[in-house]
Amino acid sequence: MALYEKRVPFKSQIVSLLAQEQYEPWFLRLNPRGEVPVLTDGVKVIPDSSRIIEYLEDNCQFKQLTPKEKGSEESKLIQSFRESLNALPIPLLTYGTALNPELLDNPKPPFTPAVFKKMAEIMKKRHVILREHAERMPEFRDALLKKAEEAEKGVLNINTTREDVEEALKKVDATLQEVEDQLSLHLPDNVDCWLCGSLFSIADVDLAILLNRLNQLGYERRFWSEGKRPALQAYWERIQKRDSFKKATYFSINAVHMTMLRGVLKQSKTFLASLTVALGFVAISYIVYRRVQQS
């Protein structure tokens, strides 16, 4: 979303976690831990969403998403909200919801029941999967074995109980109340303001993608819709109309289409069947893409 917002020319490569493409050699050469996202700029390789956004802001001057005065009150407010939003345990919440399906309320694509089931299966044996990849690829063995240990007993172990997920939801709720309080300061006179003021900032990018994930998981009723947090609900309705948001979230859904396509191509017994299904998915994805571009 930051790339689209800043109008930086780029090429995207979808890496399907469900198909375990993050453990393919070409990707491990970019990030030996097999973690997405990754940005490559020439010979530079930058991992992690937060670091990528900061890199873009420092090195791509097409459009600034931070105030010119770095020490201004607005700049400090943006940084404060970024720290709060990025500290939320979203991976735990995402996979915890998959592991505790009784929490599901109103999930949306790409989080279908089949996807949740696949996520839960992967998470329960992730440390085993990592050790298998480590044995097959000696070049990345040390990094993968270290991550396997973390996935089994350390900070990456998110085989969570319902209580763990409820605790994560409480943290999200507290942060979104801070967001609601901030957004309410702009109402009713400054309805065109964003999170920290008139500037659409990198904090808005963080917030937009967080709200999108919560909406996909079906937590919008818990956190903002149906009058729960009116300022946040109005913000959500505005952000969905923004071009950068529509383009960025299109690829989130398209990634699942591509995963299904790759699975079919691998499992289909005849070339004709594979080709027919492939063309069907390509046609559907292209139609959706054209609608997003034209809207």
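This is a predicted model: local features need pLDDT of at least 70, side-chain atom pairs count only at pLDDT 80 or more; totals for chains, interfaces and linings use all residues.
**Stop one: Lys63 and Glu5.** Select these two and show their side chains, which meet in a salt bridge at 2.7 Å, N to O. Now look at where each one sits: Glu5 belongs to helix α1 (residues 2–6), while Lys63 is in the loop between α3 (49–59) and α4 (73–86), so this pair ties together parts that are 58 residues apart in sequence. Lys63 is partly exposed, with 22% relative accessibility, whereas Glu5 is buried at 5%.

**Stop two: Glu54 and Arg82.** Next, pick out Glu54 and Arg82, another salt-bridged pair, this time at 3.4 Å, N to O. Here two helices are involved: Glu54 is in α3 and Arg82 in α4, so the bridge ties together parts 28 residues apart in sequence. Which of the two is buried, with a relative accessible area of 2%? That's Arg82; Glu54 is partly exposed, at 34%.

**Stop three: Arg162 and Glu166.** Jump to helix α9, which covers residues 162–184. Select Arg162 and Glu166: their side chains form a salt bridge of 3.6 Å, N to O. Both residues lie in this helix, 4 residues apart, or about one turn. Arg162 is partly exposed, with 35% relative accessibility.

**Last stop: a network.** Finally, select Arg33, Glu35, Lys147 and Glu150 together. These four residues are linked in a network of salt bridges.

Notes:
Residues are numbered from 1 along each chain as its sequence is written. Side-chain values use heavy atoms; hydrogens and water are left out. Buried means under 20% relative accessible area, exposed over 50%, partly exposed in between (1.4 Å probe, protein chains only).
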